[in-house]
Amino acid sequence: MATAAASSSALPFFPSNCRSPDSHPNPKSPFPIPFHSNIHKRVRLLCCAASSVSVGEDNGRRSRRSDENIREEAARRDLASPVSSHGFSAWYVPFGASDPDERYSLDQIIYRSNSGGLLDVRHDFSALAKFPGSYWRDLFDSRVGRTTWPYGSGVWSKKEFVLPEIDADHIVSLFEGNSNLFWAERLGREHLGGMTDLWVKHCGISHTGSFKDLGMTVLVSQVNRLRSKPLSRPIAGVGCASTGDTSAALSAYCAAANIPAIVFLPADRISIAQLVQPIANGATVLSIDTDFDGCMRLIREVTAELPIYLANSLNSLRLEGQKTAAIEILQQFDWVVPDWVIVPGGNLGNIYAFYKGFHMCKELGLVDQIPRLVCAQAANANPLYLHYKSGWSDFKPVTASQTFASAIQIGDPVSIDRAVHAIRQTDGIVEEATEEELMDAMSLADRTGMFACPHTGVVLAALFKLRETGVIRTNDKTVVVSTAHGLKFTQAKVDYHSGKIEDMACRYANPPVNVKADFGSVMDVLKKKLVLKK
Ligand SMILES: Cc1ncc(COP(=O)(O)O)c(C=O)c1O
Ligand SMILES: N[C@@H](CCOP(=O)(O)O)C(=O)O
């Protein structure tokens, strides 16, 4: 890890007038002020965050010029900022190539390498590593919980690690990210053998109800940059194939930026809540009589013919945004690294995004290790699991069968190579969950105060198995990644609680009780319930 070679005046974001009241400048330190104590550090961070983002100061409070909005304020600040002189940059390389000659600007419209393989976004680590890990930690922490454009977003608060070169003015953000990291106290204690350090990262409690917002803000921002002056690329719209969440996120971000969105959906295979999202946001919605893999093949053919930019995670830009969820978890734990992170897998971009976020933080000295990753799949759509079980011998796509975890009903994942890399590099594990296991796990979690989606059920079912076999231990710090909001999948819950799913015991079903509208009948029901509880 390179240490900070820069002088204090060269630090891009902490202005030199930013000092805690009783700090003494240290001539040897690369920082404007010494870190005497946590309190001083916090004072300094708050002060820096405010003064680095505004011109007018009023007793330490930020004030924006009355004639500008937050985007204009950011543009003015960008012009005055020395950040560009630090030369942070990123570009595409073929995925897996260690020192490639082949590289492409992010302003090129390209999804595959020369040999037809996946691409990856590579950052200039030597430029980023001129600043120590503590600098990046403090900078990212200083931006949390603000409305400063674009740092109010959990993604763009890490802009230098995401798309360092984009102008704040081109960013299309709905202040995504900064999602809750929920301590699953009762679930851990009562149902997972007394687990004390179990957490759920609620990526689905977000603007469009899934983690896809994190990647879509990056992709649509880059499209906005490409379509704007001076590049003025003739991109007519942005398109994706989807099992319901990518399409919702794409449609919302495109609507916010006034860019046409086109979504290919497998007919009758996504929830009503998901279907209505792109319709409401004004996207062109094609309901196609095939499965997700069929839609994916079609969108790839169409984007090769028409000037439609591809928004699926085959496009590695998406993963740059999604990886910030990993950085956010570290941040929320005060930069303590969890032992395990469990992620549901479908098209398999997200598991790699998590790996990438953790890996980047380790390489740049923000943390000194990375967690072990578990990818959990539905048994009805389990190509990665089968590949893992075969000892990573030849990968074979499968035809995915129907699953309640409908957003991961994918048999031929585009990011298979990325996922294998993520699992192997982290000494990771792949697990699977049957329909009954995932629905029971989801419903049990709901009984402890969550409202989980079936994909979170897949992850929780994997956790149950790994606890039973003792692979995950009682005190292991474990994060379950919840990828969508449960309200998108109410039909699955209604089916379960009606107890009418074929071949499923629905152990935790809790159907409503129909009662006559008289006091005696109501009392009878309540007394029975109370007696049963004794
Ligand atoms: C809710 C939900 N969870 C999990 C996934 C799986 O993510 P990935 O496709 O990146 O593996 C998806 C989409 O595929 C999803 O929509
Ligand atoms: N679950 C996804 C499937 C497509 O995945 P992507 O990450 O490649 O866009 C969806 O919601 O469409």
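Are Y111 and Y309 buried or exposed? In this predicted model, local features require pLDDT of at least 70 and side-chain atom pairs count only at pLDDT 80 or more, whereas totals for chains, interfaces and linings use all residues. Residues are numbered from 1 along each chain as its sequence is written, chains are lettered from A and ligands numbered from 1 in the order in which they are written, and side-chain values use heavy atoms, with hydrogens and water left out.

Rings of Phe, Tyr and Trp (its six-membered ring) were taken to pair if their centres lie within 6.5 Å, with planes under 30 degrees apart counted as stacked, over 60 as edge-to-face and the rest as tilted. The count by this rule is 16 aromatic pairs. One of them, Y111 with Y309, is edge-to-face, with 5.8 Å between the centres and 70° between the planes. This pair links distant parts of the chain, 198 residues apart: Y111 is in the loop between β4 (104-105) and β5 (119-123), and Y309 is in strand β11 (residues 308-310). Both Y111 and Y309 are buried (under 20% relative accessible area; exposed is over 50% and partly exposed in between, with a 1.4 Å probe and protein chains only).

A tilted pair is formed by Y352 and Y355, at 6.0 Å centre to centre and 35° between the planes. Both residues lie in helix α13 (residues 349-363), three residues apart, about one turn of the helix. Y352 is buried at a relative accessible area of 4%, and Y355 is likewise buried at 6%. Elsewhere, ring pairs join F88, F131, Y135, W136, F140 and F161 into a cluster.

Key
Helix = DSSP H or I, 4+ residues; strand = E, 2+ residues; numbered from the N terminus.
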